[in-house]
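I opened this entry to record what I looked up, in the order I looked it up.

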Amino acid sequence: MSQWKNKFIYGAALACLVSACATQAPPPVDPAAKLDSIVAEADAAQKAGQTDKAVKLLKDATSAFPADKTPWIRLAQIRFDTENYGDAIANALEGLQRDPKDKVANSIVAVGGLRLSTKALNDLRTQNDLNGNVRSEAQGLAKILRESLGETVLVPARPKVVARPAATSAKKGAVAAKPGATPEPSGDAANPFGSLQ
């Protein structure tokens, strides 16, 4: 039994010695430097027109660095720049969970939301479906926006163009048009937000 015990001890000691010599611990990697490297690589890919590669790198970074806001906000910015406002808002909200005071993320949420709302309101307006609860809620939101921006009107109306009398050769009562000018739309067509002001 003692012989077996001695062989075991010698074997264990030899294994420890071999493994200590064979493996050296790699130098520690600074997580912030690694994240900065990934973000820089994603930025370079984005500038080179490789948006899909940039998005993949940043999505991988969100998994590798779950507590960091940076990859989420960069994703939000890419989505915003490509007019994918829904995803931009969702990514910016993820960034805001990590840093509620981030100005870029808050801006993306605010402006992206306004752009989505504007598109939806224009679509409803063209379908003549802006009425009832939708209309009153849109008017309430417009009021909040006016107050937040300190403006009395969200979308200023175009000034009315006063027509000058035509040259003497024109028929009486006709209005001369400016060369290359298009006629000014009237009423609600001039300002799609006229009913919300």
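I counted secondary structure and found 7 helices and 0 strands in the protein. Helices (H or I, at least four residues) and strands (E, at least two) are DSSP runs, numbered from the N terminus. Along the sequence I read the pattern α-α-α-α-α-α-α. The model is a predicted one, in which local features need pLDDT of at least 70 and side-chain atom pairs pLDDT 80 or more, while totals for chains, interfaces and linings use all residues. Residues are numbered from 1 along each chain as its sequence is written, and side-chain values use heavy atoms, with hydrogens and water left out.

**Burial and contacts overall**

I looked up burial for the 197 residues, and 20% are buried. Buried means under 20% relative accessible area, exposed over 50%, and partly exposed in between (1.4 Å probe, protein chains only). The protein exposes about 14,500 Å², of which carbon and sulfur atoms supply 58%. These areas come from the Shrake-Rupley method with a 1.4 Å probe, and for residues only the protein chains shown count as cover. For contacts (heavy atoms within 4.5 Å), I took those with a separation of 6 or more; residues 24 or more positions apart account for 49% of them.

**Helix 3**

I noted that helix 3 covers residues 51-64, 14 residues, and reaches 20 Å from first C-alpha to last, close to the 20 Å expected at 1.5 Å a residue. The expected span is 1.5 Å times one less than the number of residues. Which residues of helix 3 are buried? I listed Ala54, Val55, Leu57, Leu58, Ala61 and Thr62. Seen down the axis, these buried residues fall within an arc of 165 degrees, so they line one face of helix 3. The arc is that of the directions from the helix axis to the C-beta atoms. On the other side of helix 3, I found Asp52, Lys56, Ser63 and Ala64 exposed. The cover over the buried residues of helix 3 includes helix 2 (31-47) and helix 4 (70-81).

**Helix 5 and alanine 88**

Helix 5 has 14 residues and spans 20 Å between its end C-alpha atoms, close to the 20 Å expected at 1.5 Å a residue. I listed its buried residues as Tyr85, Ala88, Ile89, Asn91, Ala92, Gly95 and Leu96. What covers them includes helix 4 and helix 6.

I then looked at alanine 88, which is in helix 5 (residues 85-98). Alanine 88 counts as buried because its relative accessibility is 0%. Leaving out residues up to four places away in sequence, alanine 88 touches Ala76, Arg79, Phe80 and Ile108.

**Arginine 79**

I followed the contact with alanine 88 to arginine 79, which lies in helix 4. Arginine 79 is buried yet has no salt bridge; the nearest side chain of opposite charge, aspartate 87, is 4.1 Å away. For charge, Lys and Arg count as positive and Asp and Glu as negative; His and the chain ends are not counted. A salt bridge is a side-chain nitrogen of Lys or Arg within 4 Å of a carboxyl oxygen of Asp or Glu. Beyond four places in sequence, arginine 79 touches Val55, Lys59, Asn84, Asp87, Ala88 and Asn91.

**Salt bridges**

How many salt bridges does the rule give? I recorded 5.

One of them joins arginine 74 and aspartate 43 at 2.6 Å, N to O. This pair links distant parts of the chain, with arginine 74 in helix 4 and aspartate 43 in helix 2, 31 residues apart. Arginine 74 is partly exposed at 22%, and aspartate 43 is partly exposed at 23%.

Lysine 69 and aspartate 102 also meet in a salt bridge, at 2.8 Å, N to O. Here lysine 69 is in the loop between helix 3 and helix 4 and aspartate 102 in the loop between helix 5 and helix 6, 33 residues apart. I found lysine 69 partly exposed at 26%, whereas aspartate 102 is buried at 10%.

Within helix 5, I noted arginine 98 and glutamate 94 paired at 3.0 Å, N to O. They are 4 residues apart, so about one helical turn separates them. Arginine 98 is partly exposed at 29%, and glutamate 94 is partly exposed at 25%. Salt bridges that share partners join Lys69, Asp99 and Asp102 into one network.
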